[in-house]
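Hi everyone, thanks for making time today. I'd like to walk you through a structure that may be new to you, so let me put it on the screen.

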Amino acid sequence: MSDPSRICSWKIAFALDNPIRRLIHNPQKILGGYIEPGQTVLDLGCGPGTFSIAMAKMVGESGKVIAVDVQEEMLQIVREKAAQQGPESRIVTHKSGPDRIGLSQKVDFALAFYMVHEVPNAEAFLKEIASALKPKGKLLIVEPRMHVSATAFEKTIEVARQAGLSSISEPKIRFSRSKLLSR
C-alpha cells in the first residue's frame, strides 16, 4: 500500500491528531453527510485515528469502522484511543501490506484523507478500494494542496474513474483538494 520513504511516520502522530487539527479538519463536519448509523466504513491510512474515532461514533453501536494503516504503531495508537474514548467495540484495525490493503469485506463508505499521494501504485490501490465498496458505496479522497498539485490530483481522480468510480461532488475542505466518488 505504501512506500516507507513516502509515508508520514508514526513518530509524529501527535502532529496528525491534536485540537488544532480537529478544528481545521473537523471529522463530524467533513464526514457527517456521508456516514450513517449501522454502516461499515473504511479509514484508509488511518494514522493515529483522528477520523477513525469520530467515524466510530457516527456509525453507532450497530456499525463498524475498519481502520487501515501500513504502520502497526499507528494502529496501536488507534486501539489505545478507542479504549480510552469508548468506541473500541466498533473499530477493527487492519495492517495493510506494502502493496495491498488486503480486505475482503465490503464497505458503505471509504475515506482516503491525505494519503493517496503516499501510495506508490494509485491504480492498484483505487481498484482495490472500488472493489471493496458496496453498490452505491462512496469514497472521499482528500489531498493536501501543499503536497499535491491540481494536475496531480486530477490524475488521481482519472485513475479512480478508470477503476469504475464516478465523481459526485467536490466538498470544500480547508487547505485541501477533494472529490467524493461513488461506485
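Let's start at one residue, Phe125, which counts as buried at 4% relative accessibility. By buried I mean under 20% relative accessible area, while exposed means over 50% and partly exposed is in between, using a 1.4 Å probe and protein chains only. Phe125 has its place in helix H6. Between Phe125 and Glu36 there are 89 residues in sequence and 25 Å in space, taken from C-alpha to C-alpha.

Before I go on, a word on what you are seeing: this is a predicted model, where local features need pLDDT of at least 70, side-chain atom pairs count only at pLDDT 80 or more, and totals for chains, interfaces and linings use all residues. Residues are numbered from 1 along each chain as its sequence is written, and side-chain values use heavy atoms, with hydrogens and water left out. When I say helix or strand, I mean a DSSP run numbered from the N terminus, with helices being H or I of at least four residues and strands being E of at least two.

Now, back to H6 and its partner. Two packed helices are described by the angle between their axes and the distance between the axes. Helix H6 covers residues 122-132 and helix H7 covers residues 150-162, and the two pack at an angle of about 50° with their axes 9 Å apart. Those axes are lines fitted to C-alpha atoms, for helices over the stretch in contact, and the angles run from 0 to 180 degrees between N-to-C directions. H6 and H7 are therefore oblique to each other. On that scale, under 35 degrees is roughly parallel, over 145 roughly antiparallel, 65 to 115 roughly perpendicular, and the rest oblique.

Who makes the contact? On the H6 side we have Ala122, Glu123 and Leu126, and on the H7 side Thr156, Val159 and Ala160. Contact here means heavy atoms within 4.5 Å. The residues of this contact of H6 with H7 divide into 4 nonpolar, 1 polar and 1 charged. For that count, Ala, Val, Leu, Ile, Met, Phe, Trp, Tyr, Cys and Pro are nonpolar, Asp, Glu, Lys and Arg are charged, and the others, Gly among them, are polar.

Let's move to another helix pair. The axes of helix H4, residues 50-59, and helix H5, residues 72-85, come within 10 Å and cross at roughly 45°. H4 and H5 are therefore oblique to each other. Ser52, Ile53 and Lys57 of H4 meet Val78, Lys81, Ala82 and Gln85 of H5. That contact of H4 with H5 divides into 3 nonpolar, 2 polar and 2 charged residues.

How many residues of H4 are buried? The count is 9 of its 10, so H4 is mostly covered. Among the buried ones are Phe51, Ile53 and Met55. Just after H4, Gly60 takes a positive phi of about 70°. Leaving out residues up to four places away in sequence, Ser62 touches Pro37 and Gly38. Ser62 and Gly38 are 24 residues apart in sequence and 4.7 Å apart in space, C-alpha to C-alpha.

Asp69 lies in strand S2, residues 64-69, and is buried at a relative accessible area of 5%. A polar atom of the Asp69 side chain lies 3.4 Å from the backbone nitrogen of Cys46. Lys179 is found in strand S7, residues 176-182. Is Lys179 buried or exposed? Lys179 is buried, with a relative accessible area of 6%. Its side chain is joined to that of Glu170 by a polar contact of 3.0 Å. A polar contact is a pair of N or O atoms within 3.5 Å; within protein, one must be able to donate a hydrogen and the other to accept it, and residues adjacent in sequence count only if both atoms are side-chain atoms. Asp69 and Lys179 are 110 residues apart in sequence and 21 Å apart in space, C-alpha to C-alpha.

Finally, Lys136, in strand S5, residues 133-144, has a positive phi of about 70° although it is not a glycine.
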